[in-house]
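Me: I have a structure open and would like to learn how to read its features. Can you take me through some of them?

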Amino acid sequence: MRRSPMFATLLLIASCTSTTTTTPTVKTAEPSTTAAAAAPENPLLALWIGPYAGTPAFDKVKVADMKPAIEIAMAENLAEIDRIAKDPAAPTFANTIAALERTGRTLDRVTNIYGIWSSTMSSPDFQVVEREMAPKLAAFQDQVTQNEPLFKRIEAVYNSPEKAKLTPEEQRLAWVYYNNFVRSGARLDATAKTRLSEINQKLAGLYTQFSQNVLADETDLYVVLDAEGDLAGLPQSIRDNAAAAATSKNVPGKWVIANTRSSMDPFLTYSDRRDLREKAWRLFVNRGDNADAHDNNAIITEILQLRAERAQLLGYPTHAHWRVENTMAKTPQRTIELMEAVWKPAVARVHEEVADMQALANKEGANIKIEPWDYRYYAEKVRKARYDLDQNEVKPYLQLEKLREGMFWVAGELFGFKFTPLKDVTVYHPDVRVWEVTDRDTGRHIGVWYFDPYARPGKRSGAWMNAYRSQERFERDVPTIVSNNANFSKGKEGEPLLISWDDARTLFHEFGHALHGLSSNVNYPSLAGTAVVRDYVEFPSQLLEHWLSTPEVLQKFAVHYQTGAPIPQNLVERIERASKFNQGFITVEYLSSALVDMKLHLAGSKKIDPDAFERETLAELGMPAEIVMRHRTPQFLHVFSGDGYSAGYYSYLWSDVLTADAAEAFREGTGFYDRDVAKRLRDHVFSVGNTVDPADGYREFRGRDPKIDALMRKRGFAPATASK
Ligand SMILES: [Zn+2]
């Protein structure tokens, strides 16, 4: 089987609350699979047909079809695997590894649709299906990795002297299979395997419950603003969104601030009403922590215990050791060393930021001590005072659709991609739009890009990229299908949607993941695109963020929504000058989450009270009282909605070391549109997927290993030395 159900994940941004999904996968290309032939009455089993090598028939999706489709597809996949395991011929790369790459195509299609519903269309009826199917998919996964004759064949290929004759990509694929199977318990005895599978099924159920609890608190709880006076300080766009939200929550004539980051952060930044800021802040940071039916604390304790037990079964001291082994960092200790190196200067910067805010509050006669619900509000005031930069002055130049065009333009300049809107493919929601991606020079088809930008009930908050289909070439050319998802408030019909600078950065970040998928040029689907280790996968996406602030993009695409005038140079300079502003806050709220994540998973089998653990760990770290973790434990979807980012939230910092260092490669050249550097980036980073070791790929691109100095310069934590 290919990439397993449990390991395929959505690619998120650190700043957003979103989650991994349990999307099974075992690849899709073609011909008449048995299930497609045998059960044409269930459209989910059908091949994806039509142009662009086929796209999902979203118009035919029914939630009621999901369970039977998954069950049929799992059975089909197991039969395929059984044939490989029982092949009388001696194991070879072709009859074992390549053969596995061919299997599971139906399940791949079905579970991709299921994953899209889980993250963007999670209706109550779907949630019932998800609660039932998550453990079954986990059990299926174990049935594959615990198939002894199959593992023996993989092991034989991996250890065979013949392996040396394979291409480097084939050798890497053999290693990926072997390593995944071993790490999933293929070598355990029967009793241990049974227990492992029980643990995985229990965990799958708990992850689903955890996610659905957070979604419930984000949907069912909100702040109602009753009167005009409650709106003090809020810009018109926030008032409009709050009025629209009130209508959808059935409190017409009032205003509602939803309990999601995209609604809360702007409210906390602009509301003059300190009492309401505190109320909103408390609601938001207590998601999953309200001692009610949606409380996640007991679930976390259980998840951590099961993970600890599983790690021990697999022969690792802790879950963190197991998770990190297979990454660039290799050991938890190295992740902690990096985090601690950045932690101290970041905390020192926070103390300076708080002092600046306190001074400003005192000067205004506010007579307060800065509290966590004041941070965004006063930071914004300091930004205005010190850099003469008002976010509201920037926003009229940041139109979602113009910036999307800007991203397309960047993709053209860097990689020669051209985007053309498609009308002839179906979508799962009317808000979704689709583009074909082709090579600008040759016209060759590259892939299809789906864009789902707006918030709606049943959609996870945050932003992410998802691959519906991986690129591959080992039997026939199969182009990729990728999507970008966000949660912008839709705004008023017919008016351009204006977004914040942070949102614009997120847009470019997720587009970076999409370009990583679209650039893929490999033979085997398991190695395609973003199927790289977690602490490397954020590097291409974070790097893409840099193109937003290039003068080329700003002058052409950051144009005023009413006058069409490009953003004034002087405003661009003020944005640039303010780029290191508030880095103490940004770094500490992120790093505290990353450190708590790692320490929770280094604690071993000790029974953990999440609340006490969080409090004690933060106290030991010297967490500034004015900041709360970006994701408190009871709502930490990255970590508790699946294994994907568990003991892995550090990955954003690890990748950012590469990102900052790589950005300097462009600056050392002729700038961000340097063709030679862009070509090296494409050849050694964006196109290679997991066919090479990421450290080797990076070295080929940069000519040396990454250095941490660039990161410290980027965040303004080191004396600004010779950064060009
Ligand atoms: Zn990301």
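Me: How many of the 20 residues of H22 are buried?

Reply: First, the ground rules. This is a predicted model, where local features need pLDDT of at least 70, side-chain atom pairs count only at pLDDT 80 or more, and totals for chains, interfaces and linings use all residues. Residues are numbered from 1 along each chain as its sequence is written, and side-chain values use heavy atoms, with hydrogens and water left out. Helices (H or I, at least four residues) and strands (E, at least two) are DSSP runs, numbered from the N terminus. Buried means under 20% relative accessible area, exposed over 50%, partly exposed in between (1.4 Å probe, protein chains only). In H22, 17 of the 20 residues are buried, which leaves the helix mostly covered.

Me: What span should helix H22 have?

Reply: Expected span is 1.5 Å times one less than the number of residues. For H22, residues 583-602, that gives 28 Å, and the end C-alpha atoms are 28 Å apart, so the two agree. Gly604 follows H22, with a positive phi near 70°.

Me: Which residues have the most contacts inside the largest nonpolar core?

Reply: In soluble globular proteins, nonpolar side chains tend to be buried together. A nonpolar core here is a set of buried Ala, Val, Leu, Ile, Met, Phe, Trp, Tyr and Cys residues joined through side-chain atoms within 4.5 Å. The largest has 137 residues, and Phe419, Trp449, Phe511 and Trp547 have the most contacts inside it. Helix H14 (residues 332-363) gives the largest share of this core, twelve residues. A second, separate core has 57 residues, among them Ile84 and Tyr158.

Me: Is Arg307 buried or exposed?

Reply: Arg307 is buried, because its relative accessibility is 0%. It lies in helix H12 (residues 297-313). Contact means heavy atoms within 4.5 Å. Setting aside residues up to four places away in sequence, Arg307 touches several residues, including Tyr207, His319, His601 and Asp643. Its side chain also makes a polar contact with the side chain of Tyr207, at 3.2 Å. That term means a pair of N or O atoms within 3.5 Å; within protein, one must be able to donate a hydrogen and the other to accept it, and residues adjacent in sequence count only if both atoms are side-chain atoms.

Me: Which strand is joined to E7 by five bridges?

Reply: Two strands pair if DSSP finds at least two bridges between them. E7 is joined to E8 (residues 480-488), and the two run antiparallel. Ala467 has Val482 of E8 as its bridge partner.
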